[in-house]
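Here is a short briefing to read alongside the structure.

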Amino acid sequence: MRMTVIGCGYLGAVHAACMAELGHEVLGIDVDAAKIEALASGRAPFYEPGLPELLQSAAATGRLKFTTDMSLAADYDVHFIAVGTPQKKGENAADLTYVDAAVASLSQHLTPGSLVVGKSTVPVGTARRLAEAVKAAQPEAELAWNPEFLREGFAVEDTLRPDRIVYGLPDGDGAERAKAQLDEVYAVALGNETPLVTTGYETAELVKVSANAFLATKISFINAIAEIADVTGADVTKIADAIGYDARIGRRFLNAGLGFGGGCLPKDIRAFQARAGELGADQALTFLREVDQINQRRRVRAVDLTRELLDGSLLGKKVAVLGLAFKPESDDIRDSPSLDVATQLRAQGARVVAFDPQAVENAKRLRPELDYAASAAEAAADADAVVVLTEWKEFRDLDPAAFGELVGGKRVLDGRNCLDPEQWRAAGWRYRALGRP
Ligand code: UGA
């Protein structure tokens with residue numbers, strides 16, 4: 001199948017490379033010339049395990065190309081829209097500028113029989129509006145909505161072997177042809193018995209935002225329980241283990257700690273509330289405001305606990321921050337709880353020296369005022385406290401005895417409940433965590 005992928009960020013670059021790997025002829029299109037140049041020479045413009053290897057192997061087959069020239073889309077049959085839908089400045093709603101621009105620019109090059117496939121996360125109702133624009137430009141083209149569920153850090157695996165595939169198909173005659181084209185795109189996954197849900201536009205759009213809202217709710221649920229654990233001396237990690245054994249609940253996404261961040265969950269729950277309001281159904285999602293607030297409180301709690309560890313004052317104290325990315329195996333700092341806490345610690349008078357295995361360069365650009373180290377050991381040198389904010393494996397594996405030799409004071413905040421409290425205490429550390437004694 002010949003396809004374009006419009007928008008080559010986390011979603012689009014991975015999708016393009018994986019589709020080429022599966023045997024399709026793929027053209028990645030983006031307005032950012034620097035990004036296109038990197039991708040065309042087999043370099044990933046962001047950290048994603050497995051992606052550089054995939055870009056190189058796909059490029060070697062000649063099936064994966066990149067361009068900034070939208071007019072080349074005229075030679076392709078299926079067009080994936082994978083551009084970002086960030087939060088609007090000063091509002092909860094999603095900013096659809098990039099989606100609208102991509103569809104407008106593509107529309108000029110659509111040919112009869114071509115299929116536009118939306119992948120970006122959009123407010124419900126967007127697909128129907130875009131389908132009209134597509135039809136107006138090319139009456140014999142169709143639009144389908146095909147949400148994406150990949151996780152950063154596992155993006156290649158999630159794209160090659162998805163949990164499920166969702167098709168939001170047009171009403172009427174176009175549905176059958178759109179489905180046949182999508183079946184060809186996903187032939188390998190469908191051949192491996194991947195569950196397929198076929199539905200209309202609105203349901204497909206809502207599947208995606210409902211999934212992210214549920215995941216955010218699950219995390220905030222356990223973080224709310226962590227608040228109760230904190231005032232009762234209970235251990236939230238044991239509560240999560242015990243309730244997680246119930247198959248109806250499940251243990252995944254019940255890790256209490258600093259909470260969720262990144263380019264998806266926070267802005268998606270806000271955009272979902274904004275859209276519900278527009279639809280006159282705002283009451284249905286008011287609980288998501290609480291989910292957001294519980295999540296924000298985690299950051300405040302982490303700063304307070306660090307202050308407590310330092311006997312009531314952050315002023316002039318050296319704090320080693322381990323972790324800046326919004327989660328491990330990523331260099332993404334969008335709405336990162338870790339970077340937020342690091343910034344707050346500094347604003348409240350601490351001397352912050354931060355390290356992250358992948359995210360330092362991105363963090364430096366956004367927060368040049370922080371000090372950065374080239375390793376965990378360098379950050380920890382003579383520190384009065386160590387705060388672990390992103391649970392990279394190298395931090396989980398730290399040897400508390402050896403690490404204790406480096407610091408000025410053996411005080412540690414485990415912001416992700418990822419260290420073994422007994423081990424750290426046995427090595428002489430004062431250990432604090434969120435929701436764990
Ligand atoms: C999320 C969804 O998991 C994907 O399915 C979806 O495709 C993607 O958003 C998207 O909309 O594009 P992602 O943002 O990569 O993926 O990150 P997650 O793995 O969901 O983690 C989100 C945040 O929740 C991270 O900050 C993580 O540290 C935090 N988290 C996760 C917890 O605090 N506790 C947990 O138990 C799990």
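Helix H9 (201-232) and helix H11 (265-278) each give at least two residues to the shell around the ligand. Please keep in mind that this is a predicted model. Of the shell, the largest share is that of H9, with four residues.

**Who surrounds the ligand**

- The ligand is surrounded by 21 residues.
- The closest of these are Leu150, Glu152, Lys208, Asn212 and Phe326.
- Which helix supplies the largest share of the shell? That is H9, whose contribution is four residues.

**Polar backbone atoms facing ligand oxygen**

- A polar backbone atom of phenylalanine 149 lies 2.8 Å from an oxygen atom of the ligand.
- For phenylalanine 326, a polar backbone atom is likewise 2.8 Å from a ligand oxygen atom, and Phe326 is also listed among the closest residues of the shell.
- Glycine 259 has a polar backbone atom 3.5 Å from an oxygen atom of the ligand.
- How much of the ligand does the protein bury? Taken alone, the ligand exposes 710 Å², and the protein buries 90% of that.

**Helices H4 and H5**

- Helix H4 covers residues 97-107 and helix H5 covers residues 126-137.
- The two pack at an angle of about 15°, and their axes are 9 Å apart.
- Angles under 35 degrees count as roughly parallel, so H4 and H5 are roughly parallel to each other.
- Is their crossing left-handed or right-handed? The crossing of H4 and H5 is right-handed.

**Helices H12 and H13**

- Helix H12 runs over residues 286-309, and helix H13 over residues 337-347.
- Their packing angle is about 45°, with the axes 9 Å apart.
- That angle makes H12 oblique to H13.
- Where H12 passes H13, the crossing is right-handed.

Methods:
Residues numbered from 1 in each chain as written. Predicted model: local features only at pLDDT ≥ 70, side-chain atom pairs only at ≥ 80, totals over all residues. Heavy atoms only, no water. Near = heavy atom within 4 Å. Polar contact = N/O pair within 3.5 Å; in protein donor to acceptor, adjacent residues only side chain to side chain. Areas by Shrake-Rupley, 256 points an atom, 1.4 Å probe, with all protein chains shown as cover. Axes fitted to C-alpha atoms, helices over the stretch in contact; angles between N-to-C directions. Parallel < 35°, antiparallel > 145°, perpendicular 65-115°, else oblique. Left-handed = near helix turned anticlockwise from the far one by under 90°.
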